[in-house]
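Please keep the sequence and the structure in view while reading.

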Amino acid sequence: MKDLPVYPASKDDPLKRYVNKEIEDYPSPMDPPPLYTAPTIQVPYDQMVQTLKDLIDDHNDFEKVLNVFDQALVSFKEKGWKFDSEISAAFKKFFQYMDDDLILHTRKEEKALFPCLQEKLLESGEHSPGPHLMTPVDIMESDHERVSVMTNLVFNLLGLAARIRDDEARNLLFEHAFHQGQEIVEVMKLHIYKENTTVFPLAQQLLSAQDWENIVSKIGRLS
Ligand SMILES: [Fe+2]
Ligand SMILES: [Fe+2]
């Protein structure tokens, strides 16, 4: 049976973990085409509106929390699923961030920026072919939902495992939490990369000054 394709990572690939340096081309013409590939537009940070700069600043903060969480997961595994003060603090900080800062950030995107951007993307033809039109906004919202579900799962697995006395059963739950936790880090890093390099540059290009005024006013009502 043919191995699953491994795509080469670009220089800027946020998921260096999966880089396969030996593969230079997409492996087979039989592979299905991507559903929709949004254009890449280069818009430097300093040429973006303040709302987008603020969202990118949030991403930078969030990446730091993700890196600490990722390291804590590895250390948790290396220590044979034993907590220490550093691991507990990193996990606590991660869940607090997900429950507080990230929810506000996501609401700014979903309630203020994305509805307006979605209209402009559809009007300008930046979507997949029909019948179910898909835009980068749909992909971002699906990432948000996926990460929220996975975060709840990891939180509950860790809580449940800590109450189980049987070593083998407890370790299995911790291991499952570990893999889900690593997946959250990967999905979120890729999500941030897609927003910074594709979704926000498209927003900068397509939205008018009046649109931004409306978005700023909606964000003001959320905070
Ligand atoms: Fe997002
Ligand atoms: Fe974001």
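**Helix packing in a predicted model**

Helix 3 and helix 6 cross in a right-handed manner.

**Helix 3 and helix 6**

- The axes of helix 3 (residues 101–123) and helix 6 (residues 209–222) cross at roughly 155° and come within 9 Å.
- Because angles over 145 degrees count as roughly antiparallel, helix 3 is roughly antiparallel to helix 6.

**Leucine 104**

- Leucine 104 lies in helix 3.
- Leucine 104 counts as exposed because it has 12 C-beta neighbours inside 10 Å, and the cut-off for exposed is 12 or fewer.
- Between leucine 104 and isoleucine 219 the C-alpha to C-alpha distance is 9.6 Å, although 115 residues separate them in sequence.

**Helix 5**

- Helix 5 (residues 167–206) consists of 40 residues.
- From its first C-alpha to its last, helix 5 reaches 56 Å, close to the 58 Å expected at 1.5 Å a residue.
- Helix 5 has a kink of about 40°, centred on glutamate 195.

**Helix 4 and helix 5**

- Helix 4 (residues 136–163) packs with helix 5 at an angle of about 160°, and their axes are 9 Å apart.
- This angle makes helix 4 roughly antiparallel to helix 5.
- The contact of helix 4 with helix 5 comprises 18 nonpolar, six polar and five charged residues.
- The crossing of these two helices, helix 4 and helix 5, is left-handed.

Definitions and conventions
Residues numbered from 1 in each chain as written. Chains lettered and ligands numbered in written order. Predicted model: local features only at pLDDT ≥ 70, side-chain atom pairs only at ≥ 80, totals over all residues. Helix = DSSP H or I, 4+ residues; strand = E, 2+ residues; numbered from the N terminus. Expected span 1.5 Å × (residues − 1). Bend = angle between axes of the 7 residues up to and from the residue. Axes fitted to C-alpha atoms, helices over the stretch in contact; angles between N-to-C directions. Parallel < 35°, antiparallel > 145°, perpendicular 65-115°, else oblique. Left-handed = near helix turned anticlockwise from the far one by under 90°. Nonpolar A, V, L, I, M, F, W, Y, C, P; charged D, E, K, R; others polar. Buried ≥ 20, exposed ≤ 12 C-beta atoms within 10 Å, placed from the backbone.
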